[in-house]
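Grab a pencil and work through these exercises with the model open beside you. Each one sets a task and then walks through the solution.

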Amino acid sequence: MKVLLINGSPRVHGNTAFALEQMAQVFAELGIETETIQVGNQLIRGCQGCGGCYKLGKCVFHDDIVNETAEKLAHADGMVVGSPVYYASPNGTLISFLDRLFYSNSADLRMKVGASIVCARRGGTTAAMDVLNKYFTISQMPVASSSYWNIIHGGKPGEATQDPEGIRTMRNLAKNMAFMMKAFEAAKDTVELPAPDPKVFTNFIR
Ligand SMILES: Cc1cc2nc3c(=O)[nH]c(=O)nc-3n(C[C@H](O)[C@H](O)[C@H](O)COP(=O)(O)O)c2cc1C
């Protein structure tokens, strides 16, 4: 089993990275492979709404990271998205990345487990987490939860090491996520994926 860990922070060794590392340790203990993808330190443009991905099945831009991650996600069992809180939201580079990744993706993401974690000095955490969870919940990806909302606190790099409750939350999240992924895998041969209703696409104007 494999989980992608997305670090939305421009700080490769910042507090978000530390939180993701806590989860990676638990996954390793439970025999689950992880791959960390550094997103926040890259130049990633936003979606231009061209619709080219409808034809291509992938994003029209060749900055590699979006389409490469889509390929990896297609073969992963789960995905953790980590973000520093910027103005009570996930940081901008990560949003550009996620908009393009989820909009252009043509893979079947159903029942891949998603989790979002956020890191803040002080405020805006649950609002940021809410934004991130919406990528999963429009993609038929069940969202894992923990013993608290998935938050760790710290300002300067390294400060999150002083938040034991945050660390516990990250570790419990990884344990719960591992359980979900293993349970879904075990059920694959006995429980069929639900057949979706026929597609309907209506705008509010009619
Ligand atoms: C542009 C910017 C906006 C920020 N906005 C917030 C905020 O709204 N709330 C907060 O608690 N911390 C805010 N912070 C602080 C970061 O969330 C905090 O430093 C966090 O530890 C960064 O995580 P990282 O080390 O993984 O990058 C902001 C930092 C920056 C650079």
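**Exercise 1. Work out how helix 4 and helix 5 pack, starting from their angle and axis distance.**

Step 1: Helix 4 (residues 92-104) packs with helix 5 (residues 125-137) at an angle of about 10°, and their axes are 11 Å apart. That makes helix 4 roughly parallel to helix 5.

Step 2: A quick word on terms. Helices (H or I, at least four residues) and strands (E, at least two) are DSSP runs, numbered from the N terminus. Axes are lines fitted to C-alpha atoms, for helices over the stretch in contact, and angles run from 0 to 180 degrees between N-to-C directions. Under 35 degrees counts as roughly parallel, over 145 as roughly antiparallel, 65 to 115 as roughly perpendicular, and the rest as oblique.

Step 3: Helix 4 passes helix 5 in a left-handed crossing (the near helix is turned anticlockwise from the far one by less than a right angle; clockwise would be right-handed).

Step 4: On the helix 4 side you'll find Leu94, Ile95, Leu98, Asp99 and Phe102, which meet Val131, Leu132, Tyr135 and Phe136 of helix 5. Contact here means heavy atoms within 4.5 Å. Sorted by class, this contact has eight nonpolar residues, no polar ones and one charged (Ala, Val, Leu, Ile, Met, Phe, Trp, Tyr, Cys and Pro count as nonpolar, Asp, Glu, Lys and Arg as charged, and the others, Gly among them, as polar).

Before you go on: this is a predicted model, where local features need pLDDT of at least 70 and side-chain atom pairs count only at pLDDT 80 or more, while totals for chains, interfaces and linings use all residues. Residues are numbered from 1 along each chain as its sequence is written, and side-chain values use heavy atoms, with hydrogens and water left out.

**Exercise 2. Now do it for helix 1 and helix 6: at what angle do they pack?**

Step 1: Helix 6 (residues 164-187) and helix 1 pack at about 45°, with axes 8 Å apart. The two are therefore oblique to each other.

Step 2: Their crossing is right-handed. Helix 1 brings residues including Phe18, Met23 and Phe27 to the contact, and helix 6 brings Ile167, Met170 and Met181, among others.

Step 3: By class, the contact of helix 1 with helix 6 has twelve nonpolar, two polar and three charged residues.

**Exercise 3. Is serine 104 buried or exposed, and what does its side chain reach?**

Step 1: Find serine 104 in helix 4. Its relative accessible area is 6%, so it is buried (under 20%; exposed is over 50%, partly exposed in between, with a 1.4 Å probe and protein chains only).

Step 2: The side chain of serine 104 reaches the backbone oxygen of arginine 100 at 2.6 Å.

Step 3: Skip its neighbours within four places in sequence, and serine 104 is in contact with Cys53, Gly57, Lys58, Cys59, Val66 and Asn67.

Step 4: Two of those names turn up again in helix 3 (residues 65-75), where Val66 and Asn67 are among the buried residues. The buried residues of helix 3 pack against helix 4, as well as strand 1 (2-7), strand 2 (33-38) and strand 3 (78-86).

Terms used
A polar contact is a pair of N or O atoms within 3.5 Å; within protein, one must be able to donate a hydrogen and the other to accept it, and residues adjacent in sequence count only if both atoms are side-chain atoms.
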